[in-house]
Amino acid sequence: MKLETLSKKTVFRALNSDGLRFTIGGFNVCLSSSVPAVAEHLLSLYGAFDVLDNTAFIDFYTALEPPSKLRRFFRPQVNFSFDGYFPFKPLPYKQASAMFEWGLNWCIASHSHQYLIIHASVVVRNRKAFIFPGVPGSGKSTLCAALVSRGWRLLSDEMTLLSVSDGCVYPLPRPISLKNRSIDVIQEFAPDAVMGSIVKNTAKGSIGHVRPPDNSVAQYNTPAQPAKLIFPKYDKDSNTVLTTLSKSRALLKVTENCFNYNILGVKGFNSLSNLIDVSDCYDFKYSNLEEAVALFTDLAH
Amino acid sequence: MKSFQQPILCSVLIDPHFALNFNLRQWDLLIRQARSANLLARLGYLFESVGLLNQLPARALTHIMSAQVYADRFYIALQREISCIKEALNSLNAPLVLLKGSAYFMAGNIAANGRLFSDVDILVPEDKLSAVEEALIKAGWMTNTIDPYDQKYYRQWMHEIPPLRHLKRHTSIDVHHNILPKTNRFYPDSNKLFANSVKIPDHNIWILAPEDRVLHSAMHLFHEGEFTQGLRDLSDLDLLLKEFSIQESFWKKLLLRSTELQQQIPLFYALRYSHRILQTPVPESVLKASKQPINTILMDALFLRALLPDHNSCNDKWTGLARSLLFIRSHYLKMPIYLMVPHLLRKTYRRILGKELH
């Protein structure tokens, strides 16, 4: 059953009591929260996700609640918790929905060492996975949102889950997180994209989330073969330039963008070597999204 | 008195086969309790040891395997850390005795399986303390505690110097000269500990004798004020006792040694609660012989709550109170009242000012 088939009231009620149980990629998540913005966030962006009944095994029990009722009127705050554990300091109440996304990133990155987790977005065309690692500001999410809006399948915006056992990329389709100017850029590039409410003044500036395409969410069980490893760099004056990157350089660069490479040790190194072996590696500089999409569509043939 | 309701995790630690009939919701609860008790990786070793690992539902297995990946990485780091410490102290003519987790690891004890911790604890003779500290600082460790009050508190009253942290590896080491604070009524003679310690073959490293390892684990747990890892520590005791009890006259030696080191009370608690909560096979006669004149109704009410996993599903309405009372008790045991009151007042004051993190 999809989340969007539930009434608004049912969603609110579930969040306020035992929690709403749903599937995000290969993970089963339970979320409880009395914060209305969190419910709105789910209703607008998670409509295509499967809801679970209470017989399912839940991987991550999460909650977003104000730390104290006393502060309801004075600089209200919100806390993220993972089954009673609080990994972060509270944030302003208005940032609750963004905090859910960050909190879930933390849950997955800290407890899923069956994958080598790369800080990268990953999209698929013609069954070929394109991986875009990126430090913040490289434009990986913008690129990802642009490609997805033109029919590419979204595997993941924030974390690429590379299976240590079979070398495939496992899907984690979730809302794409855009920051600051990227929000306007994508609204202009893809006017049909559904965007949740913009959260302002976070540590990363303004944040907007784009709803993942329904068919990408539906394919959450289908992994993909890695094919291209592309290091994007947005530069406002740049032409669209794709340069081949040597495999050794690519290996070093991607190592810097992993969440749990140090924990996986030899397994992590082997996974990355395999990734580099099967992928063509590039550096990519761009400023024009239309040109970028055209170039990658070509490359995916 | 608490009607003792066994958390699902304890039942599985007692007999892993108990999990075979679980439905998915019960597996879900087991994983949650094990994670909050820091026993997820150990649970994996337990299932592995009885050949049940391949009968686990996929989702539960994934969490356990992920915890084991982390644990494997931890062992590599620990091995390296121990050799760095050994090297730093090589030139000193002092025995290096590893304590707790690192000792179990070097001894190959079952209690090392899935035991994750943040500090390496070592024991050195008190007269070598400053030489050891100097050598460690030379090798890149430095003190974490800048506050002069804390420095004085450690050096004057405690059984260890303030924790040292390595500048590059960010690892911590606690250097002890005894296993209980100087202010404790039952402060043991550390020479006795050194006298019985055991050398690890092919290494210039020592660990406490098996009985002393049990007693140290017991006194640590039952003098402790925080029980977030209480069940993990109780499980250590359970595994150590099971492993050592096959040695001839182990129980006799253990009882005798507890008297020599004045640790009869912690041993009594250790045997009582590992037997009650984890059904450790302690002979009836040993349980009887270890008895101490203690109000067990009160202590049961406290420990049978505080020693359960720190998870919502294991708490009742008295758990919070039990943990708070045991916290106060730990300070009372650590130091006499005339030292404790000013110390706690100062700590509280600094916490209110936000200068203290814990």
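Predicted model: local features only at pLDDT ≥ 70, side-chain atom pairs only at ≥ 80, totals over all residues.
User: Start with chain A. How many helices and strands?

Analyst: Chain A has 10 helices and 16 strands. Its radius of gyration is 19 Å, close to the 19 Å from the globule rule for 301 residues, so chain A is as compact as a globular protein of that length. The C-alpha trace spans about 55 × 40 × 35 Å along the principal axes.

User: What percentage of chain A is buried?

Analyst: Buried residues account for 47% of its 301 residues. As for contacts between residues at least 6 apart in sequence, 72% of those in chain A join residues at least 24 apart.

User: And chain B, how many helices and strands there?

Analyst: Chain B has 16 helices and seven strands. The radius of gyration is 21 Å, close to the 21 Å that the globule rule gives for 358 residues, so chain B is as compact as a globular protein of that length. Its C-alpha atoms fill a box of roughly 55 × 50 × 45 Å along the principal axes. Of the 358 residues, 39% count as buried. Residues 24 or more positions apart make up 66% of the chain B contacts with a separation of 6 or more.

User: Interface next. How many residues are in contact between the chains?

Analyst: On chain B, 19 residues are in contact with 15 residues of chain A.

User: Which elements of chain B give two or more residues to that side?

Analyst: Helix 2 (24-36) and helix 4 (58-89) of chain B do. Helix 4 of chain B has the largest share, 10 residues. By class, the chain B side holds eight nonpolar, six polar and five charged residues.

User: Stay on helix 2 of chain B. Which of its residues are buried?

Analyst: Asp28(B), Leu30(B), Ile31(B), Arg32(B), Gln33(B), Ala34(B), Arg35(B) and Ser36(B).

User: What covers them?

Analyst: The cover includes strand 3 (60-65) of chain A, along with helix 1 (8-14), helix 3 (40-49) and helix 4 of chain B.

User: What about the span of helix 2 of chain B?

Analyst: Its 13 residues should span 18 Å at 1.5 Å a residue, and the end C-alpha atoms are 18 Å apart, which agrees. After helix 2 of chain B comes Asn38(B), with a positive phi near 60 degrees.

User: Strands 1 and 7 of chain B: parallel or antiparallel?

Analyst: Parallel: strand 1 (residues 97-99) and strand 7 (residues 206-207) of chain B pair over two bridges. Leu98(B) stands opposite Ile207(B).

User: Where is Pro95(B)?

Analyst: Pro95(B) is in the loop between helix 4 and strand 1 of chain B.

User: Why is Pro95(B) partly exposed?

Analyst: Pro95(B) has 16 other C-beta atoms within 10 Å, and buried would take 20 or more, exposed 12 or fewer. Beyond its neighbours within four places in sequence, Pro95(B) is in contact with Phe194(B) and Trp206(B). Pro95(B) and Gln156(B), 61 residues apart in sequence, are 23 Å apart in space, C-alpha to C-alpha.

User: Back to chain A, strand 9. Is the pairing with strand 6 of chain A parallel or antiparallel?

Analyst: Antiparallel, over five bridges, with strand 6 at residues 115-125 of chain A. Leu116(A) has Leu162(A) as its bridge partner in strand 9 of chain A.

User: How many residues of strand 9 of chain A are buried?

Analyst: Four of its five residues (159-163), and strand 9 of chain A is mostly covered.

User: What about strand 10 of chain A?

Analyst: Strand 10 (residues 169-170) of chain A pairs with strand 9 of chain A in the antiparallel sense over two bridges. Leu161(A) stands opposite Tyr170(A) in strand 10 of chain A. The hairpin of these strands has five residues between them, and Gly167(A) takes a positive phi near 75 degrees.

Conventions: Residues numbered from 1 in each chain as written. Chains lettered and ligands numbered in written order. Rg over C-alpha atoms; globule rule 2.2 N^0.38 Å. Contact = placed C-beta atoms within 7 Å. Nonpolar A, V, L, I, M, F, W, Y, C, P; charged D, E, K, R; others polar. Pairing = 2+ DSSP bridges. Expected span 1.5 Å × (residues − 1).
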